[in-house]
Amino acid sequence: MKIGIISGHSIANLIKDPEKIMVETAFGDISVEVSREKKHDLFFINRHGEKSDVPPHKVNHLGNIQAFASSHVECILSIGTVGSMKKSIQPRDFVIPHDFVDFTKSRQQTFFDDKRVHVDMTNPYCPSLRDSLIKNCKKFHEITFHEKGIYLATEGPRLETASEINYFSKFADIVGMTGSPEIVLARERNICYASLCVVCNMAAGLQNKLTADEISRIYTEKESVISNILQLTIDSIDVERDCNCKNDLSKVTL
Ligand code: HPA
């Protein structure tokens, strides 16, 4: 099976002996690293582009997901760095979100711009991939992880105000800038999608000051455990999954 990995950072030792390819899509050329393993083929995309320099509000979500779809990827594991809006979720913890809220403002949200298509988002994260991530996180006793969490996507690139976080915290747990519409577009292309989020900071107003350095530093600290969790998860993904991500799509063309 072909499995996609999407992240904003490198993931040490996960993509072995990669072959670099360019996948042409209607939304631009996307750089993909391909690594062929015993059980699965891995397709890695840095969502911020080949040089990792595209800011969050300019990420080519349509191109990235279309590149996976054109490569016949069936499952996507997404890595995200997030801030926590809850005291019970601390920096260095992991969260495997089960739902999301979208507060982005200026992103193209769909592949279906010329017909009336509505995808079902009742269970946006693939339950089967989430189970695999949870099962494998449990093997790493040194980490704290949360089996559920609501992800809130903001537009960026600025971080939030303390009042925004106070408001968002009423209905979500963690905040990041890139999880949506990536997840929606994956469902529109019938691809299973789940996310492993690493908490890099308490969100605005819950700690004194936020810096981009702090976010990178905590990611780097966690990079090797992220790689190990992903490798075990990839090894445990079954071709036959008991989810409905593929079929559940209510492509209601009115
Ligand atoms: N807000 C938005 N995105 C983030 C944060 C945050 O606090 N931390 C890491 N990504």
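Trainee: Before we start, what should I know about the model and its numbering?

Mentor: The model is predicted, so local features need pLDDT of at least 70 and side-chain atom pairs count only at pLDDT 80 or more, while totals for chains, interfaces and linings use all residues. Residues are numbered from 1 along each chain as its sequence is written, and side-chain values use heavy atoms, with hydrogens and water left out.

Trainee: Which residues are around the ligand?

Mentor: They are Thr81, Val82, Gly83, Leu159, Glu160, Val175, Gly176, Met177, Asn201 and Ile215.

Trainee: How much of the ligand does the protein bury?

Mentor: The protein buries 96% of the 260 Å² that the ligand exposes when taken alone. Accessible areas come from the Shrake-Rupley method with a 1.4 Å probe, and for residues only the protein chains shown count as cover.

Trainee: Which elements give two or more residues to that shell?

Mentor: They are strand E5 (75-84) and strand E10 (174-176). The largest share, three residues, comes from E5. Helices (H or I, at least four residues) and strands (E, at least two) are DSSP runs, numbered from the N terminus.

Trainee: Let us change topic. Where is Thr233, and is it buried or exposed?

Mentor: Thr233 is in helix H5 (residues 212-236). It counts as buried because its relative accessibility is 0%. Buried means under 20% relative accessible area, exposed over 50%, and partly exposed in between (1.4 Å probe, protein chains only).

Trainee: What does Thr233 touch?

Mentor: Not counting residues up to four places away in sequence, Thr233 touches Leu77, Ser132, Leu133 and Asn136. Contact means heavy atoms within 4.5 Å. Ser132, Leu133 and Asn136 are among the buried residues of H2.

Trainee: How many residues of H2 are buried, then?

Mentor: Eight of the 11 residues in helix H2 (residues 127-137) are buried, and the helix is mostly covered. The buried residues of H2 pack against E5, strand E8 (145-146), strand E11 (192-202) and H5.

Trainee: What about Val225?

Mentor: Val225 also lies in helix H5, and it is buried because its relative accessible area is 9%. Leaving aside neighbours within four places in sequence, Val225 is in contact with Phe94, Phe140, Glu142 and Ile143.

Trainee: And H1, what do its buried residues pack against?

Mentor: They pack against E1, E2, strand E3 (28-36), E4, E5 and H4. H1 is mostly covered, with eight of its 10 residues buried; including His61, Leu62 and Phe68. The helix is followed by His72, whose phi is positive, near 65°.

Trainee: Which other residues have a positive phi?

Mentor: Asp17 has a positive phi of about 40° although it is not a glycine, and Ser52, also a residue other than glycine, has a phi near 60°. Asp17 lies in the loop between strand E1 (2-7) and strand E2 (19-25), and Ser52 lies in the loop between strand E4 (41-46) and helix H1 (61-70).

Trainee: Why is Asp17 called exposed, and how is Ser52 classed?

Mentor: Asp17 is exposed because its relative accessible area is 76%. Ser52 counts as partly exposed, at 36% relative accessibility.

Note on methods: A residue is near a molecule or strand if one of its heavy atoms lies within 4 Å of it.
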